[in-house]
Amino acid sequence: MTQKIFIIGLPRTGTTSVCNAFLDFGIPTAHTAYTNACFENAVAIADTPVFNDYQTLDKYYPGSKFVYLKRELSAWLPSIKQLLVRMHTNLTRADGGFNIHLKRCYLNTFSDFSLENINQDEYLTNCYNTHFNSANAYFADRPNDFLAIDIANPESFNKLCEFLNITSSLAGFEKMNMGGKVTAWNDIKHPLKIESTSKGRIDKFLPYES
């Protein structure tokens with residue numbers, strides 16, 4: 001199987017900024033992936049479904065690299081709370097809403113999903129810590145395959161380049177999706193940007209699920 005780079009930080013940890021950097025690195029990149037073609041054509045993939053499925057992806061794409069994006073809880077909590085409240089109806093409705101892969105990943109990572117819970121800092125903190133600790137434990141003996149960075153740290157960009165053995169003229173990550181915005185990726189025009197769907201359509205089974 002082709003080696004990949006999976007960006008497995010939770011939503012609102014800087015996935016769009018990192019994906020944008022990968023485009024500048026010359027790497028075909030997808031921010032979310034819901035078709036077999038997307039997994040075939042993208043080298044770097046972030047967000048859903050990879051933040052939930054990274055262990056299965058590790059087995060399906062041996063030799064791949066995994067980048068975990070951390071964020072200070074004081075900044076992450078209000079941001080993720082705003083996002084999840086906005087997504088609540090489409091995540092929980094039985095008659096449609098978001099696609100099956102997105103729903104599965106969010107409802108598994110944020111288990112016991114309810115408006116009451118997602119408005120509680122304690123609940124969200126537990127989800128964050130559980131996810132990070134699980135990833136950290138899973139890759140504990142594999143420092144060549146796993147890197148955890150906080151893109152707010154000025155040293156994080158150089159750490160990523162060193163981890164991937166990439167030389168870049170960029171000074172650092174471009175800050176994107178600030179102030180609650182979540183659509184910056186849609187506005188990016190780049191020949192190496194890989195579409196997550198096929199004209200809005202998804203595949204029922206992704207390559208590692210079939």
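Visitor: In what kind of crossing does H3 pass H7?

Guide: H3 passes H7 in a crossing that is left-handed. The model is a predicted one. H3 covers residues 50–60 and H7 covers residues 121–138. The kind of crossing between H3 and H7 is left-handed.

Visitor: How are H3 and H7 oriented, roughly parallel or roughly antiparallel?

Guide: The axes of H3 and H7 come within 10 Å and cross at roughly 15 degrees. Angles under 35 degrees count as roughly parallel. H3 and H7 are therefore roughly parallel.

Visitor: How many residues of each class make up the contact of H3 with H7?

Guide: From H3, the residues in the contact are Phe51, Tyr54, Gln55, Asp58 and Lys59. They meet His131, Ser134, Ala135 and Tyr138 of H7. By class, the contact of H3 with H7 has four nonpolar, three polar and two charged residues.

Visitor: Which strands stand at the edges of the sheet?

Guide: The sheet is open and has five strands, paired in parallel in the order S2-S3-S1-S4-S5. A strand at the edge has a single partner strand, so one of its sides is left without a neighbour in the sheet. The strands at the edges are S2 and S5.

Visitor: What does the twist average from one strand to the next?

Guide: The strand order to follow is S2-S3-S1-S4-S5, an open sheet with parallel pairing. From one strand to the next in this sheet, the twist averages 15 degrees.

Visitor: Which residue of S3 is the bridge partner of alanine 30?

Guide: S2 (29–31) and S3 (44–46) are both among the elements that the buried residues of H1 pack against. S2 and S3 are joined by three bridges in the parallel sense. Across this pairing, the S3 partner of alanine 30 is isoleucine 45.

Visitor: How many of the residues of H1 are buried?

Guide: H1 lies across S1, S2, S3 and S4, running at about 165 degrees to S2. The buried residues of H1 pack against these strands and against H8 and H9. They include Val18, Cys19, Phe22 and Leu23. H1 is largely enclosed by the rest of the structure, because the buried count is 10 of 11 residues.

Visitor: Why does threonine 15 count as buried?

Guide: Threonine 15 is found in H1, residues 15–25. Leaving aside residues up to four places away in sequence, threonine 15 touches Ile7, Gly9, Leu10, His31, Ala46, Asp47 and Leu69. Buried means under 20% relative accessible area. Threonine 15 is buried because its relative accessible area is 5%.

Visitor: Which residue just after H1 takes a positive phi?

Guide: H1 covers residues 15–25. Just after H1, a residue has a positive phi of about 90 degrees, and that residue is glycine 26.

Visitor: At what angle does H8 run to S5?

Guide: H8 covers residues 156–164 and is one of the elements that the buried residues of H1 pack against. H8 lies across S1, S4 and S5. To S5, H8 runs at about 175 degrees.

Technical notes: Residues numbered from 1 in each chain as written. Predicted model: local features only at pLDDT ≥ 70, side-chain atom pairs only at ≥ 80, totals over all residues. Heavy atoms only, no water. Helix = DSSP H or I, 4+ residues; strand = E, 2+ residues; numbered from the N terminus. Buried < 20%, exposed > 50% of the residue type's maximum accessible area, 1.4 Å probe, protein only. Contact = heavy atoms within 4.5 Å. Axes fitted to C-alpha atoms, helices over the stretch in contact; angles between N-to-C directions. Parallel < 35°, antiparallel > 145°, perpendicular 65-115°, else oblique. Left-handed = near helix turned anticlockwise from the far one by under 90°. Nonpolar A, V, L, I, M, F, W, Y, C, P; charged D, E, K, R; others polar. Pairing = 2+ DSSP bridges.
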